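Okay, thanks everyone, I'll keep this short. Let me put the model up and then walk you through the parts I found worth a look.

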Amino acid sequence: MNSRMKTLDSILVKPAGPDCNLACTYCFYLRKSELFPGVQTHRMSEETLEEMTRQVMNQSQKQVSFSWQGGEPTLMGLPFFKKAVELQMKYGRGHAVGNGLQTNGLLIDEHWAEFLKEYRFLVGLSIDGPEHIHDRYRIKRNGKGSWSRISDRARLLLDSGVEVNALAVLNDYSVRFPEEIYEFFKSIGLNYMQFIPCVELDPSYPEQSAPFAVSPEEYGAFLCKVFDLWMADFINNSPSTSVRFFESVFFHYVGLTPPECTLLDECGVYVVVEHNGDVYSCDFFVEPDWKLGNVMRDELKTLLNSEKQREFGQMKSALPRECRECPWLSVCRGGCTKDRLNNPYDKTSNYLCPSYKIFFQHADARLKKLADEWKERQAFSSMPQPASGESEPKPPKKIGRNAPCPCGSGRKYKKCCGRDL
């Protein structure tokens, strides 16, 4: 085994597989049902849930996070998640356990909200913005929009004291409205935002991008505009809203490891467990070539450190010359492997490369200034002063969960950029 053993500190679970009660036009996961021929409804059994949880709790260290995604995970019903928490407690050994639930919100009611609040689930709510933006592609099976119900469920969750992030997919339409989306989220109290660029090939014509895919130039312009809005909302030199990409990038500027896998040298830092126990390398690579094993017969930690998972992770660092010579490589690290393979023009270059170049040219100077200010605060507040003749201390490479978040929000790291989804 490689001496650099990866620790099992997070896992992504798809308990209802690709099943969903929406029919979003841009969803890439619905067609994963083809992996399970002859099965109409995909649901994780209690036996699989228990074995997976037992392994995670026994093979992880003192902190571990479960990310529940889909499809739509709430199709499992609330009793399933109550059982999941019960099993975490049963097999826990003094662990700090975080649970994240990514949901479209349709099935959320007062009982769900009470449960999510009680057990401190972090909810990632899929909502693309105001009605005309959200309902462009996030539609029900009858073709009608879902915005009215989802925006109401957002308010229910927030009013119940549940921690909620807005997860907005940026597509060919929504990318035109950066200010409207940002201000809408603020207006309903969704101050934690994650913008996910839609990079998909056209299933009918794989030599070209899907018609709903975001263009690199428009995505770059979107990032620049939202960055300006984010900066304008700073209060006393600290952000009053959270935009995950900006804060993840900021980690690099202060010498810390970014929490977002797309910004790492290599990926493959977690595994995905499907409803039937099959284990895959990544959410975007749930496909036969990257199936690692099955939780009912294999150890998760062994699969995480398997040769196939190492091979998968190393694909990210196999960059073309253009990337290796780029001044922004140290920040973007080549982006997500998926966005390279989904580039219809060049499978070796990241489709979003022009976006990153536009953004970093726009934001670099201000990010450096923010980083200098953060380092100065750290030097005087939480770091020992250098003795005479010593150099100024460098910022720590790792940050404790209860330490102030390096993004400058004033919140603890575990409540800010360290919150796992």
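So, start with Cys-326: at 17% relative accessibility, Cys-326 counts as buried, where buried means under 20% relative accessible area, exposed over 50% and partly exposed in between, with a 1.4 Å probe and protein chains only. Before I go on, this is a predicted model, so local features need pLDDT of at least 70, side-chain atom pairs count only at pLDDT 80 or more, and totals for chains, interfaces and linings use all residues. Residues are numbered from 1 along each chain as its sequence is written, and side-chain values use heavy atoms, with hydrogens and water left out.

Now, how many disulfides do we get? Zero, by the rule that a disulfide is a pair of cysteine sulfur atoms within 2.5 Å. Cys-326 is in no disulfide, and the nearest cysteine sulfur, on Cys-353, sits 5.8 Å away. Cys-224 is buried too, at 10% relative accessibility.

On to the strands. Helices (H or I, at least four residues) and strands (E, at least two) are DSSP runs, numbered from the N terminus. Take β6, residues 192-197: five of its six residues are buried. Strand β5, residues 163-170, pairs with β6 in the parallel sense over five bridges; pairing takes at least two DSSP bridges between the strands. Leu-167 stands opposite Gln-194 in β6. Getting from β5 to β6, the chain goes through helix α6, residues 178-187, and that β-α-β crossover is right-handed, meaning that with the strands pointing away from the viewer, the path from the first strand over the helix to the second runs clockwise. β6 also runs parallel to β7, residues 242-243, joined by two bridges, and there Tyr-192 stands opposite Ser-242.

Next, helix α5, residues 147-159. Which of its residues are buried? Trp-147, Ile-150, Ser-151, Arg-153, Ala-154, Leu-156 and Leu-157. Their cover includes α3, β4, α4, β5 and α6. After α5 comes Gly-161, with a positive phi near 85°.

Last, the core. A nonpolar core is a set of buried Ala, Val, Leu, Ile, Met, Phe, Trp, Tyr and Cys residues joined through side-chain atoms within 4.5 Å. The largest one has 104 residues, and those with the most contacts inside it include Leu-116 and Phe-195. Leaving aside neighbours within four places in sequence, Leu-116 is in contact (heavy atoms within 4.5 Å) with residues including Leu-101, Phe-121 and Leu-157. Another core, of twelve residues, lies apart from the largest one, with Leu-12 and Phe-312 among its members.
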